[in-house]
Amino acid sequence: MKRVIVFILSVCFVVNLPLNVYAADKKESELTAVSSILMCMDTGDVISEDNAYEHVSPASVTKIMSILLIMEAIDSGKISLSDMVTASENAQSKGGSQIWLETGEQMSVEDLLKAVVIASANDACTALGEYVAGSDSAFVKMMNDKVEELGLKDTNFENCTGLDDTTVNHYSCAYDLAVIATEVMKYDLIKKYSTVWLDSLRNGETELNNTNKLVNTYDGITGLKTGTTSNAGFCLCATATRDGMSLVSVVLGAETSQERFDLASQLLDFGFNNYKLCPIEIDSSKITEIKVKNGRLKKTVPVSANYESILVTKDCENFEYEYNIKNSVSAPVRKGDPLGEIVVMSANSQVASVELVASEDIKKVNFSYIFSELIKNI
């Protein structure tokens, strides 16, 4: 029966080829999608965007959040790649892309993770989510908690797979997905799976074919995830690294499969051809102390909130730095609160800025604190 299903899927793929050829013949200016974004993963800078905050169904690109939580669980030691996971009836019942898990079948975390990343298997993703969180619903809650933790405002998940035929409030946006992808790609282990074109499970009986066709065609590709449903259209989150710079392009709602790959490639090419990373040369002696009014600490020294490099166009050089730092701030102060910035100039024009933020929480002075301090002094 499984061989019959594989044959049917293969026929469907062949039938779809004319659509891909048609899309490939389109000019770059004609490539469109509901929304898209190009972001530098090293700095978080948005290089290009189109409707990047529009709420849309992300289809299986949803799974990058599932993958992030799985990678965190592995990294923390909560689960290991060698753990054996028993497939539930719920996992077995998932449609769409799958590896045809049977209820009660056992498979390692690593094999299930390969199935999710390479083949976008819904049953494998559900089985891993249940293993990490204890239940499907608990894992979805973890996903939405992570959304809140990352400070994302335009995402809500109802499942871990992206299947959207019955969902009513399952959405994300290009910007949020780019941020999630940036978090995923911090784990080098993920590239072990996201850059694989072909693999197999069950001693070669089940073939895994990467749904991300850029793995075979794009220079520097590192991942990451495709998605397709009738509601969402054709979606893609593509990550790539060249010359020490990492970019992510997200394309949502393309008309054809090939168009999502073409548009993502076009966005990545634009970033690599026109931008570069440059190290920041900060003079720490110019980052002055800030007075804290009514604070339990009287002074604080801000720290850089950005990365060690800045993103600039390739024609920028001979940088100068302007330090704009507040003289004082009123308590309470929360870690991460903005306290100033370093403006990076080139040829008398601003090319970047480095935010300076509070390095710690500073509570406001109140009566009980003053009383306790008096007792200590006595």
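Trainee: Which residue of β9 is the bridge partner of M39?

Mentor: V248 is the partner of M39 in that strand. The model is predicted: local features need pLDDT of at least 70, side-chain atom pairs count only at pLDDT 80 or more, and totals for chains, interfaces and linings use all residues. Residues are numbered from 1 along each chain as its sequence is written, and side-chain values use heavy atoms, with hydrogens and water left out.

Trainee: How do you know that β1 and β9 pair?

Mentor: Two strands pair if DSSP finds at least two bridges between them. Strand β1 (residues 35-40) and strand β9 (residues 245-254) have 6 bridges, in the antiparallel sense. Therefore they count as paired. Strands are DSSP runs of E, at least two residues; helices are runs of H or I, at least four; numbering starts at the N terminus.

Trainee: What is the order of the open sheet of 5 strands?

Mentor: The order is β2-β1-β9-β8-β7, with antiparallel pairing.

Trainee: What makes β2 and β7 edge strands?

Mentor: β2 (46-50) and β7 (221-229) each pair on one side only. From one strand to the next, the twist averages 5 degrees.

Trainee: Which strands does helix α8 touch?

Mentor: Helix α8 (residues 174-184) packs on the sheet and touches β1, β2, β7, β8 (233-242) and β9. Contact means heavy atoms within 4.5 Å. The direction of α8 makes about 35 degrees with that of β1. Angles run from 0 to 180 degrees between N-to-C directions, and axes are lines fitted to C-alpha atoms, for helices over the stretch in contact.

Trainee: Why is α6 called roughly perpendicular to α7?

Mentor: Helix α6 (residues 122-133) and helix α7 (residues 136-149) pack at about 85 degrees, with their axes 8 Å apart. Roughly perpendicular covers 65 to 115 degrees; under 35 is roughly parallel, over 145 roughly antiparallel, the rest oblique. So α6 is roughly perpendicular to α7.

Trainee: Which residues make the contact?

Mentor: T126, G129, E130, V132 and A133 come from α6. D136, A138, F139 and M142 come from α7.

Trainee: How do those residues divide by class?

Mentor: The contact of α6 with α7 has 5 nonpolar, 2 polar and 2 charged residues. Ala, Val, Leu, Ile, Met, Phe, Trp, Tyr, Cys and Pro count as nonpolar; Asp, Glu, Lys and Arg as charged; the others, Gly among them, as polar.

Trainee: Why is the pair K146 and E72 called a salt bridge?

Mentor: The rule asks for a side-chain nitrogen of Lys or Arg within 4 Å of a carboxyl oxygen of Asp or Glu. K146 and E72 meet at 2.6 Å, N to O. So the pair qualifies. K146 lies in α7 and E72 in α3 (residues 63-76), so the pair ties together parts 74 residues apart in sequence. By this rule the count comes to 13 salt bridges.

Trainee: What makes K146 buried?

Mentor: Buried means under 20% relative accessible area, exposed over 50%, partly exposed in between (1.4 Å probe, protein chains only). K146 has 9%, so it is buried. E72 has 23%, so E72 is partly exposed.

Trainee: Why does K141 count as exposed?

Mentor: K141 has 53% relative accessibility, so it counts as exposed. Its salt-bridge partner is D145, with the closest N and O atoms 2.9 Å apart. Both lie in α7, 4 residues apart, about one turn of the helix. D145 has a relative accessible area of 36%, so D145 is partly exposed.

Trainee: Which residues do salt bridges that share partners join into one network?

Mentor: E72, K146 and E149.
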